[in-house]
Amino acid sequence: MAGGEIVIRPMSVDDAVDFNRLVGIVARERRYLRFLDAPPMDQTVDFLRDSLAAGNPHLAAVLDGELVGWCDICRHSFEIEAHIGRLGIGLLPKLRGKGLGKALLDGVVSENGK
């Protein structure tokens with residue numbers, strides 16, 4: 001991976017393949033996520049499509065065209081619990097400890113308030 005600029009941008013369903021790959025990398029570390037590998041691709045597509053349609057914020061960190069991190073907030077579907085959500089965040093191991101996770105978190109919280 002070259003040393004280009006990291007761009008933080010909204011995710012789309014078009015990111016499903018790269019998102020699935022990255023979730024798998026982080027999940028297989030068995031430290032940060034509640035599952036041990038990426039879900040099947042059709043579940044990833046459904047998750048992104050449905051969550052984005054519900055207005056949940058999803059941000060991607062991209063370096064040299066490669067998805068290297070993500071952050072999302074998935075709100076509860078019950079109206080009375082709409083202020084409650086699940087935070088999802090992950091980064092490639094080599095990009096941790098550089099402030100990228102904080103930038104993603106700040107961005108997704110800001111998007112959630114819109």
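Which elements do the buried residues of α2 pack against? The points below work towards that, and then turn to the largest pocket. Note that this is a predicted model.

1. Start with the length of α2. The helix covers residues 41-53, which is 13 residues. At 1.5 Å a residue, α2 should span 18 Å. Its end C-alpha atoms are 18 Å apart, so expectation and model agree.

2. Next, look at burial. T44, L48 and S51 are the buried residues of α2. Seen down the helix axis, they fall within an arc of 80°, so they line one face of α2. An α-helix has 3.6 residues a turn, so residues three or four places apart point the same way.

3. Exposed here means over 50% relative accessible area.

4. Back to the opening question. The buried residues of α2 pack against α1 (16-27), β2 (58-63) and β3 (66-75).

5. Check what comes after the helix. G55 follows α2, and its phi is positive, near 85°.

6. Then find the largest pocket. About 340 Å³ of space lies in it. The lining has 16 residues. F19, V23, F35, F47 and R86 are the ones that lie nearest the pocket's centre.

7. Ask which elements build that lining. At least two residues come from each of α1, α2, β3 and β4 (85-91). By type, the lining of the largest pocket divides into nine nonpolar, four polar and three charged residues.

Key: Residues are numbered from 1 along each chain as its sequence is written. This is a predicted model: local features need pLDDT of at least 70, side-chain atom pairs count only at pLDDT 80 or more; totals for chains, interfaces and linings use all residues. Side-chain values use heavy atoms; hydrogens and water are left out. Helices (H or I, at least four residues) and strands (E, at least two) are DSSP runs, numbered from the N terminus. The expected span of a helix is 1.5 Å times one less than its number of residues. Buried means under 20% relative accessible area, exposed over 50%, partly exposed in between (1.4 Å probe, protein chains only). The arc is that of the directions from the helix axis to the C-beta atoms. Contact means heavy atoms within 4.5 Å. On a 1 Å grid over the protein atoms alone, a cavity is a set of points where a 1.4 Å probe fits but cannot get out, and a pocket is an open set with protein on both sides within 12 Å along at least five of seven lines; lining residues have an atom within 4 Å of a point. Grid points are joined across faces, edges and corners, and a volume is the space filled by probe spheres set on the points. Ala, Val, Leu, Ile, Met, Phe, Trp, Tyr, Cys and Pro count as nonpolar, Asp, Glu, Lys and Arg as charged, and the others, Gly among them, as polar.
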